[in-house]
Amino acid sequence: MSEVKKIATRESYGNALAELGAEYENLVVLDADLAAATKTGVFKKAFPDRHIDCGIAECNMMGIAAGLAATGKIPFASSFAMFAAGRAFEQVRNSIGYPKLNVKIGATHAGISVGEDGATHQCNEDIALMRTIPGMVVINPSDDVEAKAAVRAAIEHEGPVYLRFGRLAVPVINDKPDYKFELGKGVVLREGKDVTIIATGLPVSECLAAAEKLAADGIDAKVINIHTIKPLDEDLVLAAAKETGKVVTVEEHSVIGGLGSAVCDALSEKCPTRVMKIGINDTFGESGPAVELVKKYGLDADSIYAKVKEFAK
């Protein structure tokens, strides 16, 4: 069996920007002294006149992006999720969200898989923060194919968009001829009747592997990839809950305010269902190898399998 291709979605972000730069002359990319890490350097090399390094001043970068959007440009403001969503939250809310400006925020290095950089840089709260901003679209792609499609969808969407990318290379699972990305629409990756696993971002491929292990135990798990957390595909979530009666959400993010909370909001109002949320459990991360951290915090296939097996009894 050939080895599964793995690519970090931050790489996909940089490559997608470079490709789209040739199509959209009004596309401008900003970064905060992190072009090498966020991979916006790929765009900078191709279109140096449309790349702006704002220095280590993320809040100012968001203001510059807002100004550019007001003149008809399509700015992609890029930084680590901790800085883009955390440090610059006020500017994103007031300068971008409130006036509904056409700014795209490319947030890389999200989640526990940032690894050795430790708790200060492992942003597990960004989805929660961005969900609260009225009109903000929140996208968390699961692999290279989806990340590139998400960047294109973001540029075609009129209004603010938050895009979440990772540092750790993840398996490519969407390289299929019939793959289609649509904002606000989840994707059923595996049919099942006993329990529904709804995942986003890095853990999606792990959930597919966990579903295979569950199948060997006679548990038929439906797996849904929710790449757009806001707006949430409520119709798909509700239909799956009615079909299986049990829902598990999985995210590389705090269990407070992220995908799990969005799913529970929808189900509690329209289809009360048993739900288990798998994610970062109200704790900070720590420094360590990314793969080991994913395992320690229960986001690897074996951990997901064990938790879902117990829940599905």
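At what angle do the axes of helix 1 and helix 8 cross? Helix 1 (residues 9-21) and helix 8 (residues 144-156) cross at roughly 45 degrees, with their axes coming within 8 Å. Here axes are lines fitted to C-alpha atoms, for helices over the stretch in contact, and angles run from 0 to 180 degrees between N-to-C directions. Helices (H or I, at least four residues) and strands (E, at least two) are DSSP runs, numbered from the N terminus.

A word on the model: it is predicted, so local features need pLDDT of at least 70 and side-chain atom pairs count only at pLDDT 80 or more, while totals for chains, interfaces and linings use all residues. Residues are numbered from 1 along each chain as its sequence is written, and side-chain values use heavy atoms, leaving out hydrogens and water.

Back to our helix pair: helix 1 and helix 8 are therefore oblique to each other, a label for whatever is left once angles under 35 degrees count as roughly parallel, over 145 as roughly antiparallel and 65 to 115 as roughly perpendicular. Their contact (heavy atoms within 4.5 Å) includes Tyr 13 and Leu 17 of helix 1 and Val 151 and Ile 155 of helix 8.

Seven strands form an open sheet in the order 3-2-4-5-7-6-12, with mixed pairing; two strands pair if DSSP finds at least two bridges between them. At the edges lie strand 3 (51-53) and strand 12 (228-230), each pairing on one side only. From one strand to the next, the twist averages 20 degrees. Strand 2 (residues 27-31) joins strand 3 in the parallel sense over three bridges, and Leu 30 has Ile 52 of strand 3 as its bridge partner.
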